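Here are some exercises to work through with the model open beside you. Try each task before you read its solution.

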Amino acid sequence: MSNQGQSLKHLNTFALPVYATRVIGINSVSTLITAWHEARMADQSVLLLGEGSNVLFVEDFSGTLLLNRIKGISCTEDSGAWYLHVGAGENWHQLVCYTLQHCIRGLENLALIPGCVGAAPIQNIGAYGVELQNVCQYVDLLDLNNGVSQRLMVEDCQFGYRDSIFKHCYKEGFAIIAVGIKLTKAWIPTLSHGDLTQLDPLTVTAEEIFNQVCATRRRKLPDPAVTGNAGSFFKNPIVSRKKAMEILKKYPRVPYYIQPDHCIKLAAGWLIDSCALKGHRIGGAAVHQQQALVLININNAVSQDILDLARYVRRQVVAKFAIYLEPEVRFIAANGEINSVECVG
Ligand SMILES: Cc1cc2nc3c(=O)[nH]c(=O)nc-3n(C[C@H](O)[C@H](O)[C@H](O)COP(=O)(O)OP(=O)(O)OC[C@H]3O[C@@H](n4cnc5c(N)ncnc54)[C@H](O)[C@@H]3O)c2cc1C
């Protein structure tokens, strides 16, 4: 530990050289409650972190960082489904592997998404046509102030695209301690996206989908263990039909997805790429050469480099398309989360 506190370089996948006053590993609900109260009594800010794969520390964190490492997977079944109760500190990808090892299908499209199970409901993680909301049964939430936990069933979680009730109503003073997952035995493969469309729905196995997803992700996305990044930096913007038509008239190749409410989701990566920003560099930060939606720590970046680059990218996209990209990554300042849109505005 230095004078600045404890280094978070290995606790944020951007690998930024930031510090927290104190870092505590948490492996049970009781230690979580105790650590929370001790920090609050000392008038310190507290941040709960999983694996730091969806955060941008814009500066040092002036407080106690609680690393959620609450483990445990239990599994029951009935004639129709498997039911998993998973501790929030389990690694998501390891959970996907566990299910396949036990011949339980349904999570294979979500392979290799970094992070903890407890963070998965917060932004309703999704990939290759599947989102957490498709498999989530419930989320167990602890009120740290009074130690009381409650179970929110999937219909109460207000899941949306990279969104849930946990981003809005249960931020300060709440911790997700477990997630319930229901995987139906009447498995139907989801092959609607990317390379998966080439697989045969009649013969494909969950293992084949898993292998394809892993291979594609390894090919296309930078590995945070090698090159610091937090996955997609911005969300795909959802615009009105009218706005989408204007853009499509001018740029017919922009990928788009019609939403259930008839709004249109546009591919943010394509918008950034068409501003010729791949490889664009500011300080130690760069737009990834293959995936324009991913900002990377290419060479000893500091937080300001990533912020400056994010702001630059956003301004270029506004100038060309009049679309304001919103960060998907959560921004953390000295005392906790701050408004990311204001930060890059
Ligand atoms: C290379 C790469 C690829 C990615 N690909 C995808 C993808 O395909 N799809 C996708 O959806 N995401 C993707 N992500 C984003 C990331 O993996 C997910 O958002 C993941 O769920 C974050 O988990 P985490 O444990 O690292 O959360 P953290 O970054 O540690 O935390 C994220 C936020 O949740 C809060 N939090 C964490 N745990 C808890 C808890 N138990 N209770 C309450 N609050 C909590 C934190 O305070 C923070 O605000 C990718 C990231 C990377 C680096």
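The exercises below go from the annotated positions to the ligand.

A word on the ground rules: this is a predicted model, where local features need pLDDT of at least 70, side-chain atom pairs count only at pLDDT 80 or more, and totals for chains, interfaces and linings use all residues. Residues are numbered from 1 along each chain as its sequence is written, and side-chain values use heavy atoms, with hydrogens and water left out.

**Exercise 1.** Place Arg-162 in the fold and decide: is Arg-162 buried or exposed?

Step 1. Look in the loop between strand E11 (148-153) and strand E12 (174-184); strands are DSSP runs of at least two residues, numbered from the N terminus.

Step 2. Arg-162 has a relative accessible area of 13%, so it is buried (buried is under 20%, exposed over 50%, partly exposed in between, with a 1.4 Å probe and protein chains only).

Step 3. Beyond its neighbours within four places in sequence, the contacts of Arg-162 include Gln-123, Glu-131, Lys-235 and Glu-328 (contact means heavy atoms within 4.5 Å).

Step 4. Its side chain also reaches the backbone oxygen of Gly-126, at 3.2 Å.

**Exercise 2.** Describe how the protein holds the ligand, atom by atom where you can.

Step 1. A backbone N or O atom of Gly-52 lies 2.8 Å from an oxygen atom of the ligand.

Step 2. A polar side-chain atom of Gln-123 lies 2.8 Å from an oxygen atom of the ligand.

Step 3. A backbone N or O atom of Ile-176 lies 2.9 Å from a ligand nitrogen atom.

Step 4. Taken alone, the ligand exposes 990 Å², and the protein buries 93% of that (areas by the Shrake-Rupley method, 1.4 Å probe).

Note on methods: Helices (H or I, at least four residues) and strands (E, at least two) are DSSP runs, numbered from the N terminus. A polar contact is a pair of N or O atoms within 3.5 Å; within protein, one must be able to donate a hydrogen and the other to accept it, and residues adjacent in sequence count only if both atoms are side-chain atoms.
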